[in-house]
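Subject: Structure for you to look at

Dear colleague,

Here is the structure I said I would pass on. My notes on it follow below.

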Amino acid sequence: MTIGILGGGQLGYMLALAGYPLGLHFRFLDPSPEAPVGRIAHRVTAEYTDEQALQRFAQGLEVVTYEFENVPVEAARMLAERTPVYPPVNALEEAQDRLREKTLFGKLGIATTEFAAFKAHADFEKAVQKIGLPAVLKTRRMGYDGKGQWLLRSAEDMEKARRELPDVPMILEQFVAFTREVSMLGVRSRSGETAFYPVVENHHRGGILRLSIAPAPNLAGGLQKAGEEATRKVLEELGYVGVLCIEFFEVDGKLLANEMAPRVHNSGHWTIEGAVTSQFENHLRAILGMPLGATSAVGHSAMINLIGEIPEEAGVLAVPNTHLHLYGKAPRPGRKLGHVTVRADRMEKLQERIGELPEFFRRPEYCLGEIAGVKVQGLA
Ligand code: AMP
């Protein structure tokens, strides 16, 4: 059985690694000849809009999925005419546009940030008047990892944004002074079965995820259920199939939905070693209509992203219950090259193991001082 995947980055790579034990084969389509999956699977190198390449790619596939949410909707729609595509194309469309996404949250009664959508430069002032400062300005489409975003705190920030503002539809959001950022991964299979992972605590720097702690420590009562209810509503409304991630701000003991990703997600990488069934395996089970695997956590995990640089491997692997994942990409500033997951049965043990990681991780961008109650000298 061959699964087709649009996008050949690390998420596709990990999907394939989860699928091989199930006897699955994979074929990828990616415009880049450097896409990491080339090392482990059949890869078609072509633009997503190349109809002939899409036809070739789709030949004999059981089902098509995607690992990149900016895949052109037309490509997914074209493939859906001949092969089932999951998550469904409507989910891809909703998630590609911040306004549609927020409107969907609103319609389903899911609390989200206050916002104003505007089109032209001329309406920028009006949006600021409505929302006030501080605010976060975002392009409606094609934004990820903090790209296409401006934090506005002052008149100077507005001036700078006005100069840089692309002439595309935008959204201005109220700046949320959140307690922390969390995410929820839900999965729904072709048969309608659903399952939810524990809420995860996330730390970002420069809009890029650096650290996830799972399950989120000291989660207030009711928040796991609130996250599950919000995610379930979206899964059901969209007739969703596969893994869906919703990112939330935790503020005043409540969850405020920020955005969703219709795919496996970086904040779910800990599930490879830290949950009974990984997000990658469950995504495959879901799109094939197989029973879902248990989503419970096995102890406590910390997932640390390796961005732009890779530590010396032996020092990482020397720490007990620590796993290194390298995606086979050439180092470049800001690029996700791999991740490290540290696991332990107790939180105190996790903190101890984090403290045993090499010096490399002591820099503030690794956020390891954020791990609740960690008392390790030198950790920022
Ligand atoms: P996003 O692309 O929407 O996930 O934004 C990237 C990161 O920017 C988030 O993870 C937050 O750390 C920050 N951010 C985005 N929107 C807001 C907001 N309205 N208020 C405060 N921080 C925000």
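A polar side-chain atom of Gln 149 sits 2.7 Å from an oxygen atom of the ligand. Please keep in mind that this is a predicted model.

From Gln 174, a backbone N or O atom comes to 2.9 Å from a nitrogen atom of the ligand. From His 204, a polar side-chain atom lies 3.4 Å from an oxygen atom of the ligand. The ligand taken alone exposes 480 Å², and 92% of that is buried by the protein.

The shell around the ligand consists of 14 residues, and Lys 138, Gln 149, Val 176, Glu 181 and Glu 259 are the closest of them. Sorted by class, the shell has five charged, five nonpolar and four polar residues. At least two residues of the shell come from each of three strands: S6 (135–139), S8 (170–174) and S14 (254–261).

Next, a pair of helices. Helix H2 covers residues 51–58 and helix H3 covers residues 73–80; their axes come within 10 Å and cross at roughly 45 degrees. Angles from 65 to 115 degrees count as roughly perpendicular and those under 35 as roughly parallel, and H2 and H3 are therefore oblique to each other. The crossing in which H2 passes H3 is right-handed.

The backbone has some points to check in the loops:

- Leu 133 to Pro 134: this peptide bond is cis, and its omega is near -5 degrees. Pro 134 belongs to the loop that runs between helix H6 (124–131) and S6, and S6 is one of the strands that supply residues to the ligand shell.
- Ala 214 to Pro 215: this peptide bond is also cis, with omega near -15 degrees. Pro 215 is found in the loop between strand S12 (208–214) and helix H8 (223–237).
- Asn 218: this residue has a positive phi of about 50 degrees, although it is not a glycine. Asn 218 is in the loop between S12 and H8, where Pro 215 also lies.

Best wishes

Notes: Residues numbered from 1 in each chain as written. Predicted model: local features only at pLDDT ≥ 70, side-chain atom pairs only at ≥ 80, totals over all residues. Heavy atoms only, no water. Near = heavy atom within 4 Å. Polar contact = N/O pair within 3.5 Å; in protein donor to acceptor, adjacent residues only side chain to side chain. Areas by Shrake-Rupley, 256 points an atom, 1.4 Å probe, with all protein chains shown as cover. Helix = DSSP H or I, 4+ residues; strand = E, 2+ residues; numbered from the N terminus. Nonpolar A, V, L, I, M, F, W, Y, C, P; charged D, E, K, R; others polar. Axes fitted to C-alpha atoms, helices over the stretch in contact; angles between N-to-C directions. Parallel < 35°, antiparallel > 145°, perpendicular 65-115°, else oblique. Left-handed = near helix turned anticlockwise from the far one by under 90°.
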